Amino acid sequence: MNHTRWRLARERKAAEGYTEPPEVVAEREQIRLAHDLGQLVYDRRTALGLSQSALGERLGMTADDVEAVELGGLLPVTADLLVRLAVALEVTVDVHVVSDGHNTVAFGERAA
């Protein structure tokens with residue numbers, strides 16, 4: 001068996017001409033961005049040596065809420081949350097939104 005020929009069901013359907021409805025594509029993109037943001041939050045929190053509880057205090061959230069953010073499970077991601085994360089993690093938050101769906105989120109160093 002040649003495993004290099006395996007495809008996801010989504011890829012197989014796309015090859016057959018099926019296109020996902022726009023709302024499914026949008027939801028998939030939102031989930032991907034939430035996951036990317038969660039990884040950024042986790043990386044920055046651990047770099048600062050903060051516990052989930054300590055970050056939660058800075059954000060006005062519980063440790064469980066912070067865990068949900070880090071796991072990409074807090075949807076939708078709001079502008080308010082991004083502002084609070086920027087302050088609590090001492091970073092800039094850059095969100096790049098484009099019409100083709102290749103959106104990105106990144107943290108940057110805050111100017112002194």
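Me: A nonpolar core is a set of buried Ala, Val, Leu, Ile, Met, Phe, Trp, Tyr and Cys residues joined through side-chain atoms within 4.5 Å. How many residues has the largest nonpolar core?

Reply: This is a predicted model, in which local features need pLDDT of at least 70 and side-chain atom pairs count only at pLDDT 80 or more, while totals for chains, interfaces and linings use all residues. Residues are numbered from 1 along each chain as its sequence is written, and side-chain values use heavy atoms, with hydrogens and water left out. Leu37, Val41, Leu55, Leu59, Leu85, Leu89 and Phe107 have the most contacts inside the largest core. The number of residues in this core is 17.

Me: Which element gives this core its largest share?

Reply: At least two residues of the core of 17 residues come from each of H2, helix H3 (52–59), helix H4 (63–70), helix H5 (79–89) and strand E2 (104–109). Helices (H or I, at least four residues) and strands (E, at least two) are DSSP runs, numbered from the N terminus. The largest share amounts to five residues, and its source is H5.

Me: In what order do the elements of the protein chain run from the N terminus on?

Reply: There are five helices and two strands in the protein chain. Read from the N terminus, the order is α-α-α-α-α-β-β.

Me: Is valine 41 buried or exposed?

Reply: Valine 41 has its place in helix H2 (residues 22–48). Its relative accessible area is 1%, and the cut-offs are under 20% for buried, over 50% for exposed and partly exposed in between (1.4 Å probe, protein chains only). Because its relative accessible area is 1%, valine 41 is buried.

Me: What distance separates the C-alpha atoms of valine 41 and leucine 85?

Reply: Leaving aside residues up to four places away in sequence, valine 41 touches Leu55, Val69, Glu70, Leu85, Leu89 and Phe107, a contact being heavy atoms within 4.5 Å. Valine 41 and leucine 85 are 44 residues apart along the chain, and their C-alpha atoms are separated by 7.9 Å.

Me: Which residues does leucine 59 touch, not counting residues up to four places away in sequence?

Reply: Leucine 59 is one of the core residues with the most contacts inside the core. With residues up to four places away in sequence not counted, leucine 59 touches Val66, Arg84, Leu85 and Ala88.

Me: What percentage of the residues of the protein chain count as buried?

Reply: The C-alpha atoms of the protein chain fill a box of roughly 50 × 35 × 25 Å along the principal axes. Of the 112 residues, the buried share is 25%.
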